[in-house]
Amino acid sequence: MSSKKIYFTKRQLTFQELFIGTLLYAVVLGFFNDYTSLVYAKSFSTVFFAAIVLEILTYLAFQLKSMLVAWLREKNGAGYKALLFFSVWCIMFLSKFVFVWALDAIFGEYIHINGFFGILSVVVCVTVIHRLAYYVFKRLG
């Protein structure tokens, strides 16, 4: 076995993140559609296209959070730490309303996620599964 390290480019890692995230959203939305009343979708195509939209929005929310954290970590003082906590909380909380609005604006009656807690449940499930998959991926290397 070779001890040669394999390094990925930023574009490759972004593609991997978006591709796997979209597939995870499709699976989670499909299961929620089949087994709960939190998600209603007319077809799998709707689920898949909604998964693409949700993954892009999730990726953008995490990018915004990362940029804000990087900028505020350079600052000193308790006020900046409180601002950091509040800003991250705001981005993560308010983004769910954007998710619900975007799905409603794009898909209308073809997909419905029951409110804030419905979308929060979907996003938390996808995020946890994604992080677990990434952990397993790293452990296998």
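Modeller: What follows goes from the overall layout to the core, the helices and the surface.

Colleague: Fine. What sort of model is this, and how are residues numbered?

Modeller: This is a predicted model, in which local features need pLDDT of at least 70, side-chain atom pairs count only at pLDDT 80 or more, and totals for chains, interfaces and linings use all residues. Residues are numbered from 1 along each chain as its sequence is written, and side-chain values use heavy atoms, with hydrogens and water left out.

Colleague: How many helices and strands does the protein have?

Modeller: There are 4 helices and 2 strands, where helices (H or I, at least four residues) and strands (E, at least two) are DSSP runs numbered from the N terminus. Starting at the N terminus, the order is α-β-α-α-β-α. The C-alpha atoms fill a box of roughly 50 × 45 × 25 Å along the principal axes.

Colleague: How many of the 141 residues count as buried, as a percentage?

Modeller: The figure is 30%. Buried means under 20% relative accessible area, exposed means over 50%, and partly exposed is in between, with a 1.4 Å probe and protein chains only. The protein exposes about 10000 Å², with carbon and sulfur atoms supplying 69% of that; areas come from the Shrake-Rupley method with a 1.4 Å probe, and for residues only the protein chains shown count as cover.

Colleague: What share of the contacts is between residues 24 or more positions apart?

Modeller: Such pairs make up 71% of the contacts with a separation of 6 or more. A contact means heavy atoms within 4.5 Å.

Colleague: On to the core. Which residues touch the most other members?

Modeller: In the largest nonpolar core, which has 24 residues, those are Tyr-25, Leu-29, Leu-54, Phe-99, Leu-103, Ile-119 and Val-122. Helix 1, strand 1, helix 2, helix 3, strand 2 and helix 4 each supply at least two residues of this core. A nonpolar core is a set of buried Ala, Val, Leu, Ile, Met, Phe, Trp, Tyr and Cys residues joined through side-chain atoms within 4.5 Å.

Colleague: What does Tyr-25 touch?

Modeller: Leaving out residues up to four places away in sequence, Tyr-25 touches Ala-51, Leu-54, Glu-55, Thr-58, Phe-99, Val-122, Val-123 and Val-126. Tyr-25 is one of the buried residues of helix 1. The cover over the buried residues of that helix includes strand 1 (39-41), helix 2 (44-73), helix 3 (78-107), strand 2 (111-113) and helix 4 (115-140).

Colleague: How far does helix 3 reach?

Modeller: Helix 3 has 30 residues and reaches 43 Å from its first C-alpha to its last, close to the 44 Å expected. Its buried residues include Ser-87, Ser-95 and Lys-96. Just after helix 3, Gly-108 takes a positive phi of about 55°.

Colleague: What about Phe-107? What does Phe-107 touch?

Modeller: Phe-107 is in helix 3 and counts as buried at 13% relative accessibility. Its contacts, not counting residues up to four places away in sequence, are Thr-46, Phe-49, Ala-50 and Val-53. Phe-107 and Phe-49 are 58 residues apart along the chain, with their C-alpha atoms separated by 9.0 Å.

Colleague: Last topic, the surface. Which residues form a nonpolar patch?

Modeller: Ile-6, Phe-8, Leu-13, Tyr-134 and Phe-137 do, with about 540 Å² of accessible area together.

Colleague: Why is Ile-6 called exposed?

Modeller: Because its relative accessible area is 64%. Ile-6 is found in the segment before helix 1 (10-35).

Note on methods
Patch = residues over 30% accessible without salt bridge, like charges linked within 9 Å, V, L, I, M, F, W, Y side chains within 5 Å. Salt bridge = Lys/Arg side-chain N within 4 Å of Asp/Glu carboxyl O. Expected span 1.5 Å × (residues − 1).
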